[in-house]
Amino acid sequence: MRFPHRHLLGIEGLSQAQINTILDLADTYVEQNRSPNKKSDVLRGKTVVNLFFENSTRTRTSFELAAKRLGGDAINMSVDGSSVKKGETLLDTATTLNAMHLDVLVVRHPESGAVKLLADKVNCAVISGGDGAHEHPTQALLDALTIRRNKGRLDGLTVTICGDILHSRVARSNIQLLNIMGARVRVVAPPTLLPRAIGELSVEVHHDMATGLKDADIVMMLRLQLERMQGQFVPSVREYYRFFGLDYEKLAAAKPDALIMHPGPMNRGVEIDSLVADDINRSVILQQVELGVAVRMACLDLLTQHGRNDPA
């Protein structure tokens, strides 16, 4: 199936069939990544640039590895040492990138909407690696693949997302994807860590872990993003862990086979107990990391099909 979108800026705008197309292709790349020969020539002659205005070793490395395993050239642009830090605007950056004849640009930016602005001005495909508090689409896709490979489906499952919903682009992308795919979505957080428009997102809202986790199939914990907080959102980290940190006592409300997820990096002892995070039977946190490479390979493959398959 030809992917109809030029860019991947968010989950919004994707259909159930298009999400399944990405996940189905990613499944094939999981097997490739587990084989002795991990490389192919799908992106031979193509250039993928990671332009990260925020630090994210995990996401950047995942995209770099994905490009290289597909046979492409992967370049990481250091924003700290670039002209952007010297006053160059995003539009100037777009003009410069166009002159380099890139094929795919992966962008992470601290401001919502910055990735869309770049996508409107460059000639190549653009993938959002996360922008502001807007979206992080490939994280939601890799989470969906992790759930589907472990549970066999997404529709009908109860997924509880816990923690700092307000500052989380991961939460926004996951909520959209899970609703599209027919899952039942709950969020659990103190009122201060919920967006004002939470009622418009088709989720059940809880302020108590016991009710929010009751009979959940998936428990997805979020990092407390202290660096994004302007003001006092929680009384203290210790108090936050007491009421909203995932330990075995709170986890007992979920189904016995509930999966434990976290997008990383984890704050152990803040949003999740180390014993729970490392539970070899229920935690799929390391699987999420592995499957993230396969999902990003699928996205790079689909977004470059047009240029590869059309006759010269």
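The largest pocket lies between domain 1 (5–133 + 288–305) and domain 2 (135–285), because both give residues to its lining. Domain bounds here come from an automatic or database domain assignment. This is a predicted model, in which local features need pLDDT of at least 70 and side-chain atom pairs count only at pLDDT 80 or more, while totals for chains, interfaces and linings use all residues. Residues are numbered from 1 along each chain as its sequence is written, and side-chain values use heavy atoms, with hydrogens and water left out.

**Domains**

- The C-alpha centres of domain 1 and domain 2 are 25 Å apart.
- Across the boundary, 39 residues of domain 1 are in contact with 32 residues of domain 2, where contact means heavy atoms within 4.5 Å.

**The largest pocket**

- Rolling a probe the size of a water molecule over the atoms shows where empty space is left.
- On a 1 Å grid over the protein atoms alone, a pocket is an open set of points with protein on both sides within 12 Å along at least five of seven lines, a cavity is a set where a 1.4 Å probe fits but cannot get out, and lining residues have an atom within 4 Å of a point.
- Grid points are joined across faces, edges and corners, and a volume is the space filled by probe spheres set on the points.
- The largest pocket holds about 420 Å³ of space.
- Its lining has 21 residues, of which Arg108, Arg169, Arg223, Gly264 and Pro265 are the closest to the centre.
- Helix H2 (57–69) and helix H6 (169–180) each supply at least two lining residues, and H2 gives the largest share, 3 residues.
- Helices (H or I, at least four residues) and strands (E, at least two) are DSSP runs, numbered from the N terminus.
- By class, the pocket lining has 4 nonpolar, 10 polar and 7 charged residues.
- Ala, Val, Leu, Ile, Met, Phe, Trp, Tyr, Cys and Pro count as nonpolar, Asp, Glu, Lys and Arg as charged, and the others, Gly among them, as polar.

**The largest cavity**

- There is 1 cavity of 30 Å³ or more, and the volume of the largest cavity is about 30 Å³.
- Phe3, Leu8, Ile22, Cys299, Leu302 and Leu303 form its lining, which has 6 nonpolar, no polar and no charged residues.
- Helix H11 (residues 285–309) provides the largest share of this lining, 3 residues.

**Backbone geometry**

- Most residues other than glycine have a negative phi, and most peptide bonds are trans.
- Gly264 and Pro265 are joined by a cis peptide bond, with omega about -10°.
- Pro265 sits in the loop between strand S9 (259–261) and helix H10 (274–277).
- Ser202, although not a glycine, has a positive phi of about 60°, and Ser202 is in the loop between strand S6 (184–188) and S7.
- Asp215 is not a glycine either, and has a positive phi of about 60°; its place is in the loop between helix H7 (209–212) and strand S8 (218–221).

**Exposure and cysteines**

- Buried means under 20% relative accessible area, exposed over 50%, and partly exposed in between (1.4 Å probe, protein chains only).
- Ser202 is exposed at 54%, and Asp215 is partly exposed at 40%.
- Cys124 is buried at 7%, and Cys162 is buried at 0%.
- The structure holds 0 disulfides, a disulfide being a pair of cysteine sulfur atoms within 2.5 Å.
- The sulfur of Cys124 is too far for a bond, because the closest cysteine sulfur, in Cys299, is 15 Å away.
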